[in-house]
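Here are my notes on the fold, as numbered points. Please keep the structure open while you read.

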Amino acid sequence: MNDKILMLLTESRKLNGDVITLTRILIIALLAYFIDGLQYRELKSALNISDGKLISNLRKLEKFEYIRREEVTIDSKKLDVYYITENGLKEFKKIIRWMNLITNLVKIDEERFR
């Protein structure tokens, strides 16, 4: 088997399969970018998903300790703000590395994918 394919398969085994959904990757990516955190309503607006879907994905990411939630009070309103954790950043870097392998693999065999 091609070395690049073997590398792709090896790297994929390092990923947490419970995190690899588009919604969860997007949540982690947004929180990695906005290091000061995002409010629940900002995440909901950016992702354009239902409350139920967002809450279940946030809870799963919290369970794996990839994100953390803090309750803050602004103008007498309690708001949930989410932040990426060190574990979340490590997993995000693995995801990026894996996606780069896919991208490089497709570039190498570009003719085949046309």
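Which residue takes a positive phi in the hairpin of β2 and β3? Asp-75 does, at a phi near 50 degrees, and the hairpin has two residues between the strands.

1. Ground rules. This is a predicted model, where local features need pLDDT of at least 70, side-chain atom pairs count only at pLDDT 80 or more, and totals for chains, interfaces and linings use all residues. Residues are numbered from 1 along each chain as its sequence is written, and side-chain values use heavy atoms, with hydrogens and water left out. Helices (H or I, at least four residues) and strands (E, at least two) are DSSP runs, numbered from the N terminus.

2. The sheet. Three strands form an open, antiparallel sheet in the order β1-β3-β2. The edge strands are β1 and β2, each of which pairs on one side only. Two strands pair if DSSP finds at least two bridges between them.

3. Strand β2 (residues 67–74) pairs with β3 over eight bridges, in the antiparallel sense. Within this pairing, Arg-69 stands opposite Tyr-82, Glu-70 stands opposite Val-81, and Glu-71 has Asp-80 as its bridge partner. Helix against sheet. Helix α2 (residues 22–33) lies across β1, β2 and β3. The helix runs at about 95 degrees to β3. Axes are lines fitted to C-alpha atoms, for helices over the stretch in contact, and angles run from 0 to 180 degrees between N-to-C directions. Contact, here and below, means heavy atoms within 4.5 Å.

4. The α3/α4 pair. Two packed helices are described by the angle between their axes and the distance between the axes. Helix α3 (residues 40–47) packs on helix α4 (residues 51–63) at about 115 degrees, with the axes 11 Å apart. Their crossing is right-handed. A crossing is left-handed if the near helix is turned anticlockwise from the far one by less than a right angle, and right-handed if clockwise.

5. Residues at that contact. From α3 come Tyr-40, Leu-43, Lys-44 and Leu-47; from α4 come Asp-51, Leu-54, Ile-55 and Leu-58. By class, the contact has six nonpolar, no polar and two charged residues. Ala, Val, Leu, Ile, Met, Phe, Trp, Tyr, Cys and Pro count as nonpolar, Asp, Glu, Lys and Arg as charged, and the others, Gly among them, as polar.

6. In soluble globular proteins, nonpolar side chains tend to be buried together. Here the largest nonpolar core has 21 residues, and Leu-31, Leu-54 and Leu-58 touch the most other members. α2, α3, α4, β3 and α5 each supply at least two residues of this core. α2 gives the most, with five. A nonpolar core is a set of buried Ala, Val, Leu, Ile, Met, Phe, Trp, Tyr and Cys residues joined through side-chain atoms within 4.5 Å.

7. Leu-58 and Leu-47. Leaving aside neighbours within four places in sequence, Leu-58 is in contact with Ile-27, Tyr-40, Leu-43, Ile-67 and Tyr-82. Leu-47, found in helix α3, counts as buried at 15% relative accessibility. Buried means under 20% relative accessible area, exposed over 50%, and partly exposed in between (1.4 Å probe, protein chains only). With neighbours within four places again set aside, Leu-47 is in contact with Leu-26, Ile-27, Leu-30 and Leu-54. Leu-47 and Tyr-83 are 36 residues apart in sequence and 16 Å apart in space, C-alpha to C-alpha.

8. A buried glutamate. Glu-91 is found in helix α5 (residues 86–108). Its relative accessible area is 4%, so Glu-91 is buried. Not counting residues up to four places away in sequence, Glu-91 touches Leu-15, Asn-16 and Tyr-66.

9. Positive phi in two loops. Most residues other than glycine have a negative phi. Asn-48 is not a glycine, yet has a positive phi of about 55 degrees. Asn-48 lies in the loop between α3 and α4 and is exposed, with a relative accessible area of 70%. Glu-65 lies in the loop between α4 and β2. Phi of Glu-65 is also positive, near 60 degrees.
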